[in-house]
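Please have a look at it before I go on.

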Amino acid sequence: MINLDPNLLLSLIACLYVLGFGGLSFLRREGLSVQFALEAAASTVLLVGGSWLIGIQLNPILFLALLYLITMRSRLTVDMANLLARRGKYDLTFRLYRLSLAWWPDASSRLIVLTNRGAAELRSGQVESAIQTLESVLDAKEQHRLGLKYEAACRYNLGLAYEQKGEGTKAVQQFNEVLDLLPRSPYGQAAQAALKRRKKKQSGG
């Protein structure tokens, strides 16, 4: 049995954490965030160094949990905001979106925050704001990677917003983009249903 130095073990856990999330990010087409890797490294130094200075051994599971909370702070806040949005508590929802943006998320996380905020703006009846937010996500994705799932979500909600505004051509374009991206996803199925609904309405059915 190999006995590793506790601090070396924590450093190894941090490396595996970064590699694991980096691999998932590549699979989601987001790429590895340099900011994420640097934050994980800095957090490891502070947590491991701090525990060493005060003479307390940091539990590996607690260390991993703290590392996750620190590096994923914005996305966790978004999850809470989305839960509140589904319950119709939009005032607190948008406060949490602002908080998640104030916590200096990396580029991909920032686009995820804005994608979710745009969807919430649409559901709360702020159609113009939703269009501006979701369009800004698509403009920024040319410089920063946005995963297929979130791009599909962004385009689908933008299509709905255009539809509500009466801009049918733009709505159809976004729905078709969703079908090109992820045709079998829930967003793809919803986009297909929206196109069928529009076609039926135009034919007078």
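Predicted model: local features only at pLDDT ≥ 70, side-chain atom pairs only at ≥ 80, totals over all residues.

R73 has a relative accessible area of 19%, and because the limit for calling a residue buried is under 20%, R73 counts as buried. Its side chain is joined to that of E39 by a polar contact of 2.8 Å, and, leaving aside residues up to four places away in sequence, R73 touches Q35, E39, Y68, W103 and W104.

Turning to the helix as a whole, α4 covers residues 73-86, and its 14 residues at 1.5 Å each should span 20 Å, which agrees with the 20 Å between its end C-alpha atoms. The buried residues of α4, among them V78, A81 and L84, pack against α2, α3, α5 and α6. Just after α4 comes G88, with a positive phi of about 80°.

Now to the aromatic residues, where the structure holds eight pairs. In one of them, the ring centres of F21 and F36 are 5.9 Å apart and the planes meet at 50°, so we call this pair tilted. Because F21 lies in helix α1 and F36 in helix α2, the pair ties together parts that are 15 residues apart in sequence. F21 is partly exposed at 21% relative accessibility, whereas F36, at 7%, is buried. Finally, F21 and F36 belong with Y17 and Y68 to one aromatic cluster, and Y68 is also among the residues that R73 touches.

Notes:
Residues numbered from 1 in each chain as written. Heavy atoms only, no water. Helix = DSSP H or I, 4+ residues; strand = E, 2+ residues; numbered from the N terminus. Expected span 1.5 Å × (residues − 1). Buried < 20%, exposed > 50% of the residue type's maximum accessible area, 1.4 Å probe, protein only. Contact = heavy atoms within 4.5 Å. Polar contact = N/O pair within 3.5 Å; in protein donor to acceptor, adjacent residues only side chain to side chain. Phe/Tyr/Trp six-rings, centres within 6.5 Å; stacked < 30°, edge-to-face > 60°.
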